[in-house]
Amino acid sequence: MIRLLYVSESTGDNLHDILSVARRNNPELGMTGILITHGTTFIQLLEGPKETMPELIKFLKTDTRHKNFRILLKHQTQSPVCAGWTMKHHEIIDTDRPEHRAVIAAHANLGPTNDPARIESLCHAVLELAHMHALGQKIA
């Protein structure tokens with residue numbers, strides 16, 4: 001299984017469409033994931049078969065519903081965090097919550113480079129938020 005983490009920016013009021021298309025298509029592709037939104041920022045963690053990931057990445061790169069698509073992490077994993085989610089959505093509204101602050105700060109710290117330490121920080125924050133969802137913890 002491949003885990004992919006990317007960031008991008010919304011190009012309009014299209015979140016409902018993105019989620020409905022992903023929830024419809026992902027089961028057939030064997031894909032699962034969580035889309036974290038904060039304003040116009042998209043941070044998405046996807047997990048799925050090695051065979052389907054290249055086509056999905058090709059689609060994401062050309063999808064006009066977002067721009068500035070940037071893959072931060074793509075690696076093999078044996079322990080999926082998004083199992084069972086065709087596409088979970090989490091909107092960051094309450095910026096006082098520690099798990100939200102961690103994601104926002106890590107994203108802001110990315111900068112234009114692909115510094116592995118900065119990417120690891122964002123990946124850790126996203127995985128922590130996903131784990132909280134997986135454990136059924138209440139998240140604002």
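Colleague: Of the contacts between residues at least 6 apart in sequence, what share joins residues at least 24 apart?
Modeller: In this predicted model, 75% of those contacts in the protein chain join residues at least 24 apart.

Colleague: And how many helices and strands are there?
Modeller: The protein chain has four helices and five strands, and along the sequence they follow the pattern β-α-β-β-α-β-β-α-α. The radius of gyration is 14 Å, close to the 14 Å that the globule rule gives for 140 residues, so the chain is as compact as a globular protein of that length.

Colleague: What percentage of the residues is buried?
Modeller: Buried residues make up 44% of the 140 residues in the protein chain.

Colleague: Switching to the sheet, in what order do the strands lie?
Modeller: The five strands form an open sheet with mixed pairing, and their order is β4-β1-β3-β2-β5. Because β4 and β5 stand at the edges with a single partner strand each, one side of each is left without a neighbour in the sheet. On average, neighbouring strands of this sheet are turned by 15° against each other, with direction ignored.

Colleague: Do β2 and β5 pair in the parallel or the antiparallel sense?
Modeller: They pair in the parallel sense, over four bridges, and T37 stands opposite E91 in β5.

Colleague: Which helix lies across the strands β1, β2, β3, β4 and β5?
Modeller: That is helix α4, residues 116-134, which runs at about 100° to β1.

Colleague: What about α1, how far apart are its end C-alpha atoms?
Modeller: The end C-alpha atoms of helix α1, residues 15-29, are 20 Å apart, which agrees with the 21 Å that its 15 residues should span at 1.5 Å a residue.

Colleague: Where is the kink in α1?
Modeller: A kink of about 30° lies at R23, shortly before the proline P27. After α1 comes G30, whose phi is positive, near 75°.

Colleague: Which residues of α1 are buried, and what do they pack against?
Modeller: The buried residues of α1 are I18, L19, V21, A22 and N26, and they pack against β2, β3 and β5. As background, an α-helix has 3.6 residues a turn, so residues three or four places apart point the same way.

Colleague: One last thing, is phi of N68 positive or negative?
Modeller: Phi of N68 is near 55°, which is a positive value in a residue other than glycine, and N68 has its place in strand β4, residues 66-76.

How values were computed. Residues numbered from 1 in each chain as written. Predicted model: local features only at pLDDT ≥ 70, side-chain atom pairs only at ≥ 80, totals over all residues. Heavy atoms only, no water. Helix = DSSP H or I, 4+ residues; strand = E, 2+ residues; numbered from the N terminus. Expected span 1.5 Å × (residues − 1). Bend = angle between axes of the 7 residues up to and from the residue. Buried < 20%, exposed > 50% of the residue type's maximum accessible area, 1.4 Å probe, protein only. Contact = heavy atoms within 4.5 Å. Pairing = 2+ DSSP bridges. Axes fitted to C-alpha atoms, helices over the stretch in contact; angles between N-to-C directions. Rg over C-alpha atoms; globule rule 2.2 N^0.38 Å.
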